[in-house]
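Work through the exercises below with the sequence and the model open. Try each task before reading its solution.

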Amino acid sequence: MKRMVKRLLVGTKRWLTEEPPQPEKPIPFDNSYEWIGQAFRQILADPVGGRYRSYAWGVLQGASLAKVLGHRSISVVEFGVAGGSGLVSLERIAELGEQKTAVGIDVYGFDTGKGLPKPKDHRDVPYMWEEGDFSMDEAALRSRLKQAQLKLGLIEQTVPEFLRTDFAPVAFISIDVDLYSAAKQALTLLDADQTKLLPRVFCYFDDIMGYGYNDFTGEWLAIHEFNAEHTMHKLSPIYGLKWFVPQEFSNDRWIEMLQLAHLFDHPSYGMIDHAHHHPVLDVDGRWRWQD
Ligand SMILES: C[S@@+](CC[C@H](N)C(=O)[O-])C[C@H]1O[C@@H](n2cnc3c(N)ncnc32)[C@H](O)[C@@H]1O
């Protein structure tokens, strides 16, 4: 009995003297994997923003890159919207990303508005996709969106139209259109005037992992053709990214579905891209390097 009382007293003392768990110390903004990792965890705690981890990572990388390069706003784009759960999540991620970086983030979603077009040939993986798959309830989706802009119609038409408009530099693109033909057209966004692109654009490809995906059809073929057709613009995997995301996510599949578009001839390609050494806007409106 005495021993029980003693144990109870020791336990109570420990409970009274133990420090309560401390909130995580904020990491100062630095376009580093540490900062991105912390911001990523915070976005993942949001019920809507947390649904698309790949989007959260891509948007944070894009927005933080934009910030150190001195941009005040960026565009993030989803190709393939369907019912809109990805776009709604992207919009929320953009909202949270804006709060964290003070970079404005415009959101665009491209879709036919009526599901998949008919696969044209074997390159569109016809044994997997059928015309009309993934339809959209446009009115219902619009009622859930706050700022995201829907670009409805075939990407073959809507992307060239979009390229003729003004938009903030594209920092993140999600390609989730299933078909080779649509992915190939979506990638023409990377041929935009370079004032409308960051020098490195984070790209997520949804349909490149698992059964049937190969180098000769679908989104992989579009990636390979993009690289073959461009000498100074290349899509590349981000090697070893699993070692740089917070450890608890290192086995996630989306990590291998992110690529980086390098635009080697972009005027800002060689600009130092970490915050220790970034340009600030002077009173006369010119960029100057900060020590
Ligand atoms: C798998 S769904 C997208 C799902 C969505 N990203 C999500 O996570 O909620 C694929 C979409 O790509 C769209 N799509 C495919 N080819 C297209 C094309 N050529 N032009 C426009 N949209 C296209 C289809 O309309 C379809 O809704």
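The model is predicted: local features need pLDDT of at least 70, side-chain atom pairs count only at pLDDT 80 or more, and totals for chains, interfaces and linings use all residues. Residues are numbered from 1 along each chain as its sequence is written.

**Exercise 1. The chain**

Task: Count the helices and strands in the chain, and find what share of its residues is buried.

Solution: Start with the elements. Helices (H or I, at least four residues) and strands (E, at least two) are DSSP runs, numbered from the N terminus. The chain has eight helices and nine strands. Next, burial. A residue is buried if 20 or more other C-beta atoms lie within 10 Å of its own, exposed if 12 or fewer, and partly exposed in between; C-beta atoms are placed from the backbone. Of the 291 residues, 38% are buried. Last, contacts, which are pairs with C-beta atoms, placed from the backbone, within 7 Å. Among contacts between residues at least 6 apart in sequence, 74% join residues at least 24 apart.

**Exercise 2. Helix H8**

Solution: The expected span of a helix is 1.5 Å times one less than its number of residues. The buried residues of H8 are Gly 218, Glu 219, Ala 222, Ile 223 and Phe 226. An α-helix has 3.6 residues a turn, so residues three or four places apart point the same way. The partners of these buried residues are strands E4 (170-175), E5 (197-205) and E6 (233-237), and helix H7 (180-186).

**Exercise 3. Helix H3**

Task: How many residues of H3 are buried?

Solution: H3 runs over residues 53-68 and has 16 residues. From first C-alpha to last it reaches 23 Å, close to the expected 22 Å. 16 of the 16 residues are buried, so H3 is largely enclosed by the rest of the structure. Gly 70 follows H3 and has a positive phi, near 90°.

**Exercise 4. Strand E4**

Task: Which strands pair with E4?

Solution: Two strands pair if DSSP finds at least two bridges between them. E1 (residues 73-79) pairs with E4 in the parallel sense over five bridges. Here Val 77 stands opposite Ile 173. E5 also pairs with E4 in the parallel sense over five bridges, with Ile 175 opposite Phe 205. Six of the six residues of E4 are buried, so the strand is largely enclosed by the rest of the structure.

Asp 178 lies in the loop between E4 and H7. Its phi is positive, near 70°, in a residue other than glycine. Asp 178 is buried, with 23 other C-beta atoms within 10 Å.

**Exercise 5. The ligand**

Task: How many residues surround the ligand, and which elements supply at least two of the shell residues each?

Solution: A residue is near a molecule if its C-beta atom, placed from the backbone, lies within 6 Å of it. 21 residues surround the ligand. The closest are Gly 80, Ala 82, Gly 86, Phe 134 and Ala 182. Helix H4 (85-101) and strand E2 (104-111) each supply at least two shell residues.

Conventions. Two residues are in contact if their C-beta atoms, placed from the backbone, lie within 7 Å.
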